[in-house]
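Open your viewer and get ready to click along. We'll go stop by stop, picking residues and looking at what sits around them.

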Amino acid sequence: MFEKARLARLFLHNIWASKMNGTIIPLMGKAEIILPKLKGPLFDMIYIDGDHTYQGCLNDIKNSISLLKEEGVLCGDDLEYQLHELDYDFTMENKDENNTIKDKYSDRRFHPGVAVAVAEAIGIVSVKDTF
């Protein structure tokens with residue numbers, strides 16, 4: 001818990017130090033509680049870095065998309081490989097895993113829930129260094 005509190009203080013300090021405290025409004029808490037309370041479209045950009053399970057990631061994506069402005073950008077991380085690049089059946093069998101797993105036929109590690117949720121909710125996306 002100490003680490004989360006320290007990181008939250010650092011984040012708030014950085015917002016203040018960059019004079020962005022009128023532009024960046026941090027909302028801290030679980031996405032499944034906070035996001036449904038917001039009414040969109042509000043945001044130019046949303047960055048998701050949350051639950052890596054299929055259902056958690058899918059919920060984050062769906063709740064975020066409705067909050068984006070028309071030309072808004074949805075970003076996230078930990079999409080090492082997209083579903084079409086992986087063994088489909090093996091990935092689907094492991095989609096509820098929150099951590100990385102090793103691909104059945106290679107040494108590639110990936111978050112199966114993220115790969116499945118992105119494929120289902122959005123489709124093929126542009127990826128650079130898991131971002």
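Start by selecting K69, which you'll find in strand 2 (68-76). Strands here are DSSP runs of E with at least two residues, helices are runs of H or I with at least four, and both are numbered from the N terminus. Before you go further, note that this is a predicted model: local features need pLDDT of at least 70, side-chain atom pairs count only at pLDDT 80 or more, and totals for chains, interfaces and linings use all residues. Residues are numbered from 1 along each chain as its sequence is written, and side-chain values use heavy atoms, with hydrogens and water left out.

Is K69 buried or exposed, or something in between? K69 is partly exposed, because its relative accessible area is 37% (buried means under 20%, exposed over 50%, partly exposed in between, using a 1.4 Å probe and protein chains only). Now show what K69 touches: leaving out residues up to four places away in sequence, the list is P41, L42, F43 and D44. Contact here means heavy atoms within 4.5 Å. For a sense of scale, draw a distance from K69 to I15: their C-alpha atoms are separated by 22 Å, and the two are 54 residues apart along the chain.

Next, click on G40, in the loop between helix 2 and strand 1. With a relative accessible area of 42%, G40 is partly exposed. Setting aside neighbours within four places in sequence, G40 is in contact with S66 and L67.

Helix 3 has 12 residues and reaches 16 Å from its first C-alpha to its last, close to the 16 Å expected at 1.5 Å a residue (the expected span is 1.5 Å times one less than the number of residues). Which residues of helix 3 are buried? They are Y54, G56, C57, L58, D60, I61 and S64. A handy tip while you look: an α-helix has 3.6 residues a turn, so residues three or four places apart point the same way. The buried residues of helix 3 pack against helix 2, strand 1, strand 2 and helix 5.

Keep I61 selected. Apart from neighbours within four places in sequence, I61 is in contact with I48, L74, A117, V118, A121 and I122. I61 and A117 are the residues with the most contacts inside the largest nonpolar core, which has 20 residues. (A nonpolar core is a set of buried Ala, Val, Leu, Ile, Met, Phe, Trp, Tyr and Cys residues joined through side-chain atoms within 4.5 Å.) Strand 1, helix 3 and helix 5 each supply at least two residues of this core, and the largest share, five residues, comes from helix 5.

Now for the open spaces. Rolling a probe the size of a water molecule over the atoms shows where empty space is left. On a 1 Å grid over the protein atoms alone, a pocket is an open set of points where a 1.4 Å probe fits, with protein on both sides within 12 Å along at least five of seven lines; lining residues have an atom within 4 Å of a point. Grid points are joined across faces, edges and corners, and a volume is the space filled by probe spheres set on the points.

Select L27, M28, G29, Y47 and D49: of the 31 residues lining the largest pocket, these lie nearest its centre. About 1,500 Å³ of space lies in this largest pocket.

For the second largest pocket, the volume is about 390 Å³. Pick L74, C75, G76, D77 and V118, the closest to its centre among its 22 lining residues. Strand 2 gives the most to this lining, with four residues.

Last stop: D78, in the loop between strand 2 and helix 4 (88-93). D78 has a positive phi of about 70° although it is not a glycine. Most residues other than glycine have a negative phi. D78 counts as buried, because its relative accessibility is 18%. Among the residues touching D78 is H111, itself buried at 10% relative accessibility.
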